[in-house]
Amino acid sequence: MDKFRMIFQFFQSNQESFMSGICGIMALASTQMYSAFDFNCPCLPLYNLAYGLGILLVPPFILFLLGFVLNNNISMLAEEWRRPQGQRGKDPAVLRYMFCSMAQRAMIAPAVWVSVTLLDGKCITCAFCTSVPVETLGNASHPRLSQGEIQRVLARIPCKEIYNGQELIANEVAVRYLRCISQALGWCFVLLMTTLAFLVRSLRPCFSQAAFLKSRYWSHYIDIERKLFDETCAEHARSFAKVCIQQFFEGMSTDLVAARCHLPRKAPADAGEAAEKLLGITDRGTMNMALKSWHRCKPPLHLHPPALPTGNGWAGEGQPPMHPSAPRRETAAYYSWV
């Protein structure tokens, strides 16, 4: 249980770790989905190719979109891309980094699906069974079959129970031929994905490490800023609701006292604290104006230092003059009761 707790805490440490865990779970889920999928090739010349390639390509596309949907940064990226310029400029490098980061994680589950599908070989066998070289693997001089009939017979290769072309080409020979090609493509795809991942991880620091660090830093900043803004808004809403409810009950108490119903009143201890958290925003219109202002013109990323005193005339002109400190005179007094 301690190991699972440590893994869970690692996934919750930051947004990237959390999304990496989600994408890993999706990759395992894609493998389980394919193993539980009931593959049924139609065994018809006009539908085998569409069915085989559809099973090979459509689920990865859905998993890719699902990886974007489950990523919380997609809304942050869209908001940052569509927001007005305001007082803060938009950095295209940060937007590209966020999009590439999400795309890399979203590609994990589709890559696993394509790899497992190609290594299994059912989709390629169903899609390209009519392209088996009968001249090389079978009896191409069969006199009783036309070209269209040969295509119909070859389309039944994935359906062993209804295949009736043993005189043309053996079912086991055709299936093994297509499965070997599919597995070769699968291992090439795995090798290609591994090589690309290795090159991206190893060669990126050699060319643009400084730009990469800046983009990663500001991407984390946008994520943290959004979280803090949401927390601040939630805290303000909680304080606003608390003050509204307290004022409502205080008004009810006043009405009851006016109606000669003397009730004990006790001032809430946290009323002042809740009022301080409102930060001067005490009505709906002002809050809506603050939210619109945050969206339209976010504050610039520049922290202003506190203003220096200007009484001596040295503010803004370099370092203040240094005056020698006067020596301190210490006096010791002794008292005696004699």
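Trainee: Why is the disulfide of cysteine 41 and cysteine 126 called right-handed?

Mentor: The torsion about their S-S bond is about 75 degrees, so the disulfide is right-handed. Bear in mind that this is a predicted model, in which local features need pLDDT of at least 70, side-chain atom pairs count only at pLDDT 80 or more, and totals for chains, interfaces and linings use all residues. Residues are numbered from 1 along each chain as its sequence is written, and side-chain values use heavy atoms, with hydrogens and water left out.

Trainee: What makes cysteine 41 and cysteine 126 a disulfide?

Mentor: A disulfide is a pair of cysteine sulfur atoms within 2.5 Å. The sulfur atoms of cysteine 41 and cysteine 126 are 2.0 Å apart, so the pair meets the definition.

Trainee: Which parts of the chain does this pair link?

Mentor: Cysteine 41 is in the loop between helix H2 (15-36) and helix H3 (48-70), while cysteine 126 is in helix H7 (residues 122-127), 85 residues apart. Helices (H or I, at least four residues) and strands (E, at least two) are DSSP runs, numbered from the N terminus.

Trainee: Are cysteine 41 and cysteine 126 buried or exposed?

Mentor: Buried means under 20% relative accessible area, exposed over 50%, and partly exposed in between (1.4 Å probe, protein chains only). Cysteine 41 has 12%, so it is buried. Cysteine 126 has 0%, so cysteine 126 is buried too.

Trainee: How many disulfides does a search of the whole structure find?

Mentor: The search finds two. Cysteine 43 is joined to cysteine 159, with an S to S distance of 1.6 Å. The torsion about that S-S bond is about 90 degrees, so this disulfide is right-handed. Cysteine 43 lies in the loop between H2 and H3 and cysteine 159 in the loop between helix H9 (147-154) and helix H10 (171-258), so the pair ties together parts that are 116 residues apart in sequence.

Trainee: Why do cysteine 43 and cysteine 159 count as buried?

Mentor: Cysteine 43 has 4% relative accessibility, so it counts as buried. Cysteine 159 counts as buried because its value is 9%.

Trainee: What is the pairing when the bonded cysteines are numbered in sequence order?

Mentor: In the protein chain, the pairing is 1-3, 2-4.
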